[in-house]
Amino acid sequence: MRKKHILIYSFTLLAAVSLISCSDKKLEEINTDPNRPVDVPTTTIISSAQKQLMDNARGSAGNIRSAMLFAQYFSQNQYTNESRYDLPRTNSDTYWDNAYKALNNLEQVIRLNTDPLTKAKVTAGVGPNENQIAIARILKSYTFLTLTDAFGNVPYSSFGSNDPDFQALKLNPDISKPKYASQEKIYTDILKELKEAAAQLIVTENTFGNFDGIYKGKADLWKRFANSLRLRVAIRVRAKLPQLAATHIQEAIADGLIRNNTENAALKYEAKAPNEAPLYRATVTENRRDFSVSHILINVLKGQVGPFTAADPRLKIYARPNKDGLYIGQPYGLLPSLASILKAEDISLPGTVVNAADYSEVLMEYAEVNFLLAEYNSWSQADYLNGVRASLEKWGVDKPSADAYIALLPAATQETVLSQKYLALYMQGNEAWAEIRRTGFPTFLIKKGDVVWPTAPAPEEEKKFIPLAGTGIPQRIYYPQKEQAVNLENYREAVGQLTGDNIDAKVWWNN
């Protein structure tokens, strides 16, 4: 990580500071620690950090041009290299840099609430130190989770830890080249962080109020989110750390999970600049129509592919009809010359709900909680149906339509539960991609050599999906090029624990 990563990034902290000679300074200015910017309220920092982390997790580099394509929700209709896994290194640089900017802001909230010189000053009217720290720890855990799932080993930090491998986010000039912590240690510590943060919350104390764009300061909902995220993390490593995972799963369930869609962890954007949702900025603001809904997702929702034969009422929400009023998906991963035959008006673009400026980007939702419980409870039918219904209700499907669709669903199995989970995670490309790697489901995704457009006016070989890099859906993304320049020794050590810095190298929990 570059040295700039030890700085604090916030919209309110970007003013330049003039250099003043010591002779002109007052004594109190000389004694002021520049690492304690007490004039910036924690409400401003947390608000900026939430937007930063969601802009990054659902933005172009980390989601739209990567995970949403890897999960085959979207397909490119002009420049198709990323659909065929030829990934620009600049995407990695952007995703990495912006994640650590958000993490630095979250760490600053913790610093201001633990430093004896500032902790009493940052609680006035916005909640106790314990709650501010806990919320920052939960969001740090979420952000580090998305980072490690994308890259593998990464520089990491933990609240109050002296672990020599946790060197990120330190205000220490001697740590300008932090170590990369192993993913096993990161996952183990995230579970600890979420458990302690949930226990730390005083649920009767509103914290940050309307400056909290996710829960409006409701500490009891932050606690449920922490427990639900802990469930996600524990399920992911259950095959690797069965005893540890079992303990955390049982404790998280007992402590209380997200119970309905009103408790979903989501950040709602605004219908005006500069606070529009990431997909809106990448399409409407930038006037681009080269991301379409893939033919895989459209055909599954039509009931033509996969384990579900009933037409899915989410189709008209997930996608827009083409110029003829039909739902036609863009064939996935074609050569640019063939993909561009179909124009934007011929195929289905993302639906108006998901492509709205004021869309709510989800960190975690009730539907996912139910699907996690279904898996934990040996593919439980009740949890499976609860998950499907929760997803339908979240997307605004009316009850008669939801009832009709659910009545036609096949019984709960590993395939049906995980395939419905995939459908529910639409727009959450990062999480869907992680689950595809972990479970191997859904099985209807396009693989190398599959014909993706049988009727295309082209030779047979050009109708097939042929990756430009790797052998299939990427197992990770490349480390940033900048790390090789500024943190080469630790970069090499991290790569040495993989099979090279390539997209076929599996991360620890999937290896």
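Here is a chat about cavities and one glutamate in a predicted model.

Modeller: Quick ground rules: this model is predicted, so local features need pLDDT of at least 70 and side-chain atom pairs count only at pLDDT 80 or more, while totals for chains, interfaces and linings use all residues. Residues are numbered from 1 along each chain as its sequence is written, and side-chain values use heavy atoms, with hydrogens and water left out.

Colleague: Why is Glu365 called buried?

Modeller: Buried means under 20% relative accessible area, exposed over 50%, and partly exposed in between, using a 1.4 Å probe and protein chains only. Glu365 has a relative accessible area of 1%, so it counts as buried.

Colleague: Where is Glu365 found?

Modeller: Look in the loop between strand S4 (360–364) and helix H14 (366–376). Helices (H or I, at least four residues) and strands (E, at least two) are DSSP runs, numbered from the N terminus.

Colleague: What makes the pairing of Glu365 and Lys394 a polar contact?

Modeller: The rule asks for a pair of N or O atoms within 3.5 Å; within protein, one must be able to donate a hydrogen and the other to accept it, and residues adjacent in sequence count only if both atoms are side-chain atoms. The side chains of Glu365 and Lys394 make theirs at 2.8 Å, and the side chains of Glu365 and Gln428 are joined by another at 3.3 Å.

Colleague: Which residues is Glu365 in contact with, leaving aside its neighbours within four places in sequence?

Modeller: Those are Asn264, Lys394, Ala424 and Gln428. Contact just means heavy atoms within 4.5 Å.

Colleague: On to the holes: what makes something a cavity?

Modeller: On a 1 Å grid over the protein atoms alone, it's a set of points where a 1.4 Å probe fits but cannot get out; lining residues have an atom within 4 Å of a point. Grid points are joined across faces, edges and corners, and a volume is the space filled by probe spheres set on the points. The count is six cavities of 30 Å³ or more.

Colleague: How much space lies in the largest cavity, and what lines it?

Modeller: About 140 Å³. Its lining has 16 residues, with Tyr95, Thr146, Asp149, Asn430 and Glu431 nearest the centre. Helix H6 gives the most, five residues.

Colleague: And which helix gives the most to the lining of the second largest cavity?

Modeller: H18, with four residues. That cavity has a volume of about 70 Å³.

Key:
On a 1 Å grid over the protein atoms alone, a cavity is a set of points where a 1.4 Å probe fits but cannot get out, and a pocket is an open set with protein on both sides within 12 Å along at least five of seven lines; lining residues have an atom within 4 Å of a point.
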